[in-house]
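Hi everyone, thanks for making time for this.

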Amino acid sequence: MGTVDETIAEVPSPSREALRHVIDIARRLAPGAEDGMSYGMPALKVAGKPYVAVVAAAKHLSLFPFSSAAIDTVRTDLTGYSLSRGTVRFSAEHPLPDDVVERLLRARLAEIGG
């Protein structure tokens, strides 16, 4: 188990499953992704560059694709979610749609050449 999995394992259910689902999609799209750290968070990296991180906060879950441009590719599909420059916030009760996560992560992979 790598640092991403260890961090997710510490999150209470049902948030743990919601975070794990996002990471499962990320690993399916980039099977060679490696665990590492980026901006102080456990993250998956591709070609040595940060690819994605997920974090549980007190009132929400966050997906960090390390790219505002990648978020912009799906911004119109994220109505009802809280967004910032580099973060998409969601919850276990209001998870991100799989197709949106896939398009967002594919956009990030295209940026980093993965």
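Let's begin with Thr 87, which sits in strand β6; strands here are DSSP runs of E with at least two residues, helices are runs of H or I with at least four, and both are numbered from the N terminus. Before going further, a word on the source: this is a predicted model, where local features need pLDDT of at least 70, side-chain atom pairs count only at pLDDT 80 or more, and totals for chains, interfaces and linings use all residues. Residues are numbered from 1 along each chain as its sequence is written, and side-chain values use heavy atoms, with hydrogens and water left out.

So, is Thr 87 buried or exposed? Thr 87 counts as buried, at 8% relative accessibility. The cut-offs are under 20% relative accessible area for buried, over 50% for exposed, and partly exposed in between, with a 1.4 Å probe and protein chains only. Leaving aside residues up to four places away in sequence, Thr 87 touches Ser 62, Leu 63, Phe 64, Ile 71 and Ser 82, where contact means heavy atoms within 4.5 Å.

Pro 95 counts as partly exposed, with 44% relative accessibility. Its contacts, again not counting residues up to four places away in sequence, are Tyr 81 and Phe 90. The C-alpha atoms of Pro 95 and Leu 19 are separated by 9.2 Å, although these residues are 76 residues apart along the chain.

With 15 residues, α4 reaches 21 Å from its first C-alpha to its last, close to the 21 Å expected at 1.5 Å a residue; the expected span is 1.5 Å times one less than the number of residues. Which residues of α4 are buried? They are Val 100, Val 101, Leu 104, Leu 105, Ala 107, Arg 108, Leu 109 and Ile 112. Their cover includes α2 (15-29), β2 (41-46), β3 (49-56), β4 (61-64), α3 (68-72) and β6 (87-90). After α4 comes Gly 113, with a positive phi near 75°.

Now for the aromatics. How many aromatic pairs does a search of the whole structure find? The search finds 1. The pair is Tyr 39 and Phe 66, stacked, at 5.9 Å centre to centre and 15° between the planes. Tyr 39 lies in the loop between β1 (34-38) and β2, and Phe 66 in the loop between β4 and α3, so the pair ties together parts that are 27 residues apart in sequence. For the criteria, rings of Phe, Tyr and Trp (its six-membered ring) pair if their centres lie within 6.5 Å; planes under 30 degrees apart are stacked, over 60 edge-to-face, and the rest tilted. Tyr 39 counts as exposed at 73% relative accessibility, whereas Phe 66 is buried at 17% relative accessible area.

Finally, let's zoom out. The protein chain has 4 helices and 6 strands, running α-α-β-β-β-β-α-β-β-α from the N terminus on. Its C-alpha trace spans about 35 × 35 × 25 Å along the principal axes. Of the 114 residues, 45% count as buried. Among contacts with a separation of 6 or more, 51% come from residues 24 or more positions apart.
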